Structure formats: structure tokens, C-alpha cells
Amino acid sequence: MLYFAWVREAIGAGSEQVDPPAEVTSVSDLITWLADRSEGHARALADRARLRAAVDQHFVPLDAALGKAREVALFPPVTGG
Amino acid sequence: MIHILVSSDTIDAGAELRAIHVDGAGGVASFTGLVRGDDGVETLELEHYPAVTEAALTKLADEAVTRWNLIGARIVHRVGVMVPGDTVVFVGAAARHRAAALEACAYLIDRLKTDAPFWKRETRAEGARWVEQRDTDREAAAKWD
């Protein structure tokens with residue numbers, strides 16, 4: 001897992017290794033599962049309207065399937081430029 | 001010719017502009033984004049997703065080159081800590097004629113704001129806060145769909 005911006009700050013880490021159970025098949029499932037890991041995770045992941053995701057370095061909607069993903073990133077809407 | 005750079009180094013917008021004055025170009029358009037010091041902003045920090053940022057910018061530049069038949073496209077984005085007046089981003093488009101250069105330049109900066117994984121954090125005397133994406137930025141990017 002990779003986290004950026006305020007998602008990273010609330011969770012308290014920029015990255016972590018996780019091994020979710022087989023029933024976690026989508027990014028949305030993964031967010032639900034991650035939210036139970038700590039108070040920081042719960043706070044960071046509470047408002048899905050403010051979350052965006054990338055699976056194996058490709059931007060995806062939150063209902064996207066995980067497949068055999070090795071790297072999932074969660075972050076706020078981008079604000080560059 | 002596409003040139004993409006993401007770096008914590010200072011951006012020299014004049015040098016970037018000269019670099020996109022490429023052979024065959026009849027018109028060059030550029031946009032330079034600066035750190036605003038309004039509302040007491042003391043520093044602006046840019047975080048990004050290193051493995052993905054340059055690929056996202058390259059994809060944008062490729063799309064612009066194809067859509068407007070550009071001769072050159074250049075995107076230079078700074079990351080790390082900046083102060084008001086610093087250059088955050090330089091975007092340039094070179095084409096045979098002005099309309100393509102101007103449109104492609106607007107496309108590049110509009111889409112960069114919604115498609116490239118950068119996040120801004122502003123620090124003022126009272127503390128730091130993450131900048132929220134604006135509806136106007138989403139609308140500006142969507143008009144190129």
C-alpha cells in the first residue's frame with residue numbers, strides 16, 4: 001500500500017505491506033478492510049468521496065477489481081500545477 | 001520532441017521557453033505557474049507519486065502532440081518546499097501555427113491539474129493545510145474531453 005498527502009498523514013505512514021483475505025476483491029473492499037487496522041486508517045478512509053486510487057500505478061475508480069495487484073495507492077484528489 | 005522533468009530544483013522559465021523554440025516551429029505558447037503569497041502563505045510543499053508522475057505527464061504530452069500535431073511539448077514541474085514567487089510549473093507547446101500552440105498549452109495545464117499525481121500543502125503562521133481540488137479545475141479539464 002502507498003498513501004499520499006493527508007491520507008498518509010492520518011495513517012501515519014507512507015507505505016505498508018498488507019495481505020488482505022480472499023473476499024477482498026475490489027479497491028472499495030480493500031478500503032473497508034484497511035479502515036479496521038487503526039484509528040488513523042479509519043479517519044483517513046472515512047470519506048470515500050475524497051479518496052482516489054491507483055492499482056499497479058494506473059488510476060482506477062474505487063469499484064475497480066484488485067486482481068493480482070502488487071501496489072495499491074490511496075490519496076486525495078490531485079492538486080498540482 | 002517531448003521533454004518531461006519533475007525535480008526539486010529551481011525552474012528557470014526563461015531557459016525552458018528558449019529550449020522549446022525548436023526548428024520548424026512557427027508559434028510557441030507557454031504557461032508558467034508561480035507560488036502565490038496571498039492569505040499569508042509562507043511556504044508551499046509539493047508531494048507527488050514518484051513512480052507515476054513522469055508517466056502521467058508523458059501521456060499528457062503525447063496526447064497533445066497527437067491532437068495538435070505539435071513539434072514540441074515541454075512540462076517541467078517542481079516538487080518539495082517552495083516560497084511565494086517561486087515557479088511551480090512550466091508548460092510549453094511548439095507548433096507550426098499559433099492556434100495549435102495556444103490550445104495545446106491550455107490543454108496541458110488544464111489536464112495536468114486533474115490527471116497528474118501532485119498534492120499541495122500550504123503553510124501559514126497558524127499552521128499547514130492540504131489544498132483541496134477546485135470545481136473550476138475539474139470543469140476546465142473536462143472541457144477538453
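**Exercise 1.** Leaving aside its neighbours within four places in sequence, with which residues is Ala93(B) in contact?

*Solution.* The model is predicted; local features need pLDDT of at least 70, side-chain atom pairs count only at pLDDT 80 or more, and totals for chains, interfaces and linings use all residues. Residues are numbered from 1 along each chain as its sequence is written, while chains are lettered from A and ligands numbered from 1 in the order in which they are written.

Step 1. Two residues are in contact if their C-beta atoms, placed from the backbone, lie within 7 Å.
Step 2. With the neighbours within four places in sequence set aside, the partners of Ala93(B) are Ala29(B), Ala64(B), Leu70(B), Ala73(B), Ala101(B), Ala104(B), Cys105(B) and Leu108(B).

**Exercise 2.** Find the residues that touch the most other members of the largest nonpolar core.

*Solution.* Step 1. A nonpolar core is a set of buried Ala, Val, Leu, Ile, Met, Phe, Trp, Tyr and Cys residues joined through C-beta atoms within 7 Å. A residue is buried if 20 or more other C-beta atoms lie within 10 Å of its own, exposed if 12 or fewer, and partly exposed in between.
Step 1. The largest core has 56 residues, of which Ala64(B), Leu70(B), Ala93(B), Ala104(B) and Leu108(B) touch the most other members.
Step 2. Helix α3 (residues 98-115) of chain B gives the most to this core, namely eight residues. Helices (H or I, at least four residues) and strands (E, at least two) are DSSP runs, numbered from the N terminus.

**Exercise 3.** Describe the side of chain A that touches chain B.

*Solution.* Step 1. The contact joins 13 residues of chain A to 19 residues of chain B.
Step 1. On the side of chain A, α1 (5-11) and β4 (72-75) are the elements that give two or more residues.
Step 2. This side of chain A has nine nonpolar residues, four polar and no charged. Here Ala, Val, Leu, Ile, Met, Phe, Trp, Tyr, Cys and Pro count as nonpolar, Asp, Glu, Lys and Arg as charged, and the others, Gly among them, as polar.

**Exercise 4.** In which order do the strands of the open sheet in chain A lie?

*Solution.* Step 1. The order of the four strands is β1-β4-β2-β3, with mixed pairing; two strands pair if DSSP finds at least two bridges between them.
Step 1. The edge strands of chain A, β1 (2-3) and β3 (58-60), each pair on one side only.
Step 2. β1(A) and β4(A) pair in the parallel sense over two bridges. Opposite Leu2(A) stands Ala73(A) in β4(A).
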